[in-house]
Amino acid sequence: KCRLIACEEAWSIPEVAEELRKIARSPTQSADKLLVGGIYDADHDSSGYGKMNFLHGLKDIEEQRLPQMDQYGVDMHLLTLTAPGVQMFDADTATDLAALANDRMAEICAKWPKRFAGLGSFAPHSPKRAAKEVERVMGELKLNGLVVNGHTNGDYFDDYRFWPILEAAEATGATLYIHPRGPSDTLKGPLMDYAMDSAMWAYGVEVGTNMLRMMAGGVFDRFPNLKVCVGHMGEMIPFFIWRINFMNSRAQKVGRAPKTERSMEEYFRDNFVFTTSGVEDHLALRYSIDRMGIDNVIWAIDYPYQPMQPAVDFIESFDCTEDEMHALCHGNAERVFHIA
Ligand SMILES: COc1cc(C(=O)O)cc(C(=O)O)c1
Ligand SMILES: [Mn+2]
């Protein structure tokens with residue numbers, strides 16, 4: 001029996017949920033409002049999210065999460081403060097609530113050290129205080145890495161303003177999980193119809209855009225040891241990496257893209273790992289392993305947005321070698337997220 005560590009497991013706390021409920025009733029035009037309204041203000045829901053009752057699953061540890069983990073043989077959840085995290089709040093509220101969520105997460109990991117590990121949050125729009133929180137998360141709180149949900153006020157991580165955070169992540173050996181959120185105001189346009197605004201399509205576009213801006217913008221020349229994790233089978237990048245590499249190198253040759261020390265494919269292979277969260281497709285998994293290397297692929301459920309049992313069945317029925325199974329189910333996670 002393989003140790004099973006699921007690595008994109010969503011969680012929240014009542015104080016964050018309450019602030020998101022206020023956001024749901026605010027005049028914001030953010031693409032996240034649909035989802036935030038459905039999950040955190042369900043009695044005023046127009047999106048249909050209210051009917052999926054995600055909120056209980058997010059806040060719960062002992063009533064359903066742990067019993068299901070026992071029932072399906074999931075040894076550990078790596079917890080993340082669910083999207084959009086604290087990034088829709090003003091910088092002070094965001095800074096305070098990130099610290100509160102990190103404290104609560106550390107308590108859960110201390111209470112069940114073999115069952116829970118966690119990724120700490122921060123407020124990107126207060127970069128200096130965020131860098132301090134990164135040090136607290138990886139030092140005093142002994143958490144297992146960091147999570148952020150895509151853009152902050154429409155800016156992405158190629159923007160120098162965020163680099164003190166990336167510097168602290170690299171210095172503390174914290175892997176930064178870049179989780180999706182709804183597309184920024186300048187990206188959202190035609191993505192807002194047919195339920196394309198989130199998990200079906202825009203989430204992949206939003207994170208993929210962030211990843212490419214970081215790779216092409218030279219982030220990994222400045223921070224060569226920074227490690228980034230993304231979910232959802234690499235947010236479509238593994239499939240497209242040949243074309244991305246070809247077109248970026250051509251653009252660099254003609255001066256349309258800045259020169260970088262390594263190629264896009266090398267940055268993706270050297271500085272990224274990715275999880276299978278929400279993509280329970282054996283062919284996509286086999287391609288990703290063969291194309292990007294077994295050390296870069298990590299199993300995840302995406303609970304409570306994905307049900308637990310199908311995700312366990314998906315990985316346990318995957319046709320692979322024993323070494324590959326151990327790498328996917330716990331070996332890579334133990335290395336990347338410093339899990340004992
Ligand atoms: C933050 O809210 C989420 C909703 C869903 C969904 O299935 O509707 C999926 C994810 C996700 O893929 O992480 C996140
Ligand atoms: Mn997720």
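Q: Which residue takes a positive phi just after α4?
A: Gly-73, at about 75 degrees. Helices here are DSSP runs of H or I with at least four residues, and strands are E runs of at least two, numbered from the N terminus. This is a predicted model: local features need pLDDT of at least 70, side-chain atom pairs count only at 80 or more, and totals for chains, interfaces and linings use all residues. Residues are numbered from 1 along each chain as written, chains are lettered from A and ligands numbered from 1 in written order, and side-chain values use heavy atoms, without hydrogens and water.

Q: Which residues of α4 are buried?
A: Arg-65, Leu-66 and Met-69. Buried means under 20% relative accessible area (1.4 Å probe, protein chains only). They span an arc of only 95 degrees around the axis, so they sit on the same side of α4. The arc is taken from the directions from the helix axis to the C-beta atoms.

Q: New topic. What coordinates the manganese ion (ligand 2)?
A: Glu-8 (OE), His-179 (NE2) and Asp-302 (OD), at 1.9 to 2.3 Å. Donors are N, O and S atoms within 2.8 Å of the metal (3.2 Å for Na, K and Ca); water is not among the atoms, so sites may look incomplete.

Q: Where do Glu-8 and His-179 lie?
A: Glu-8 is in strand β1 and His-179 in strand β5, so the pair ties together parts 171 residues apart in sequence.

Q: Is Glu-8 buried or exposed?
A: Glu-8 is buried, with a relative accessible area of 0%. His-179 is buried too, at 9%.

Key: Buried < 20%, exposed > 50% of the residue type's maximum accessible area, 1.4 Å probe, protein only.
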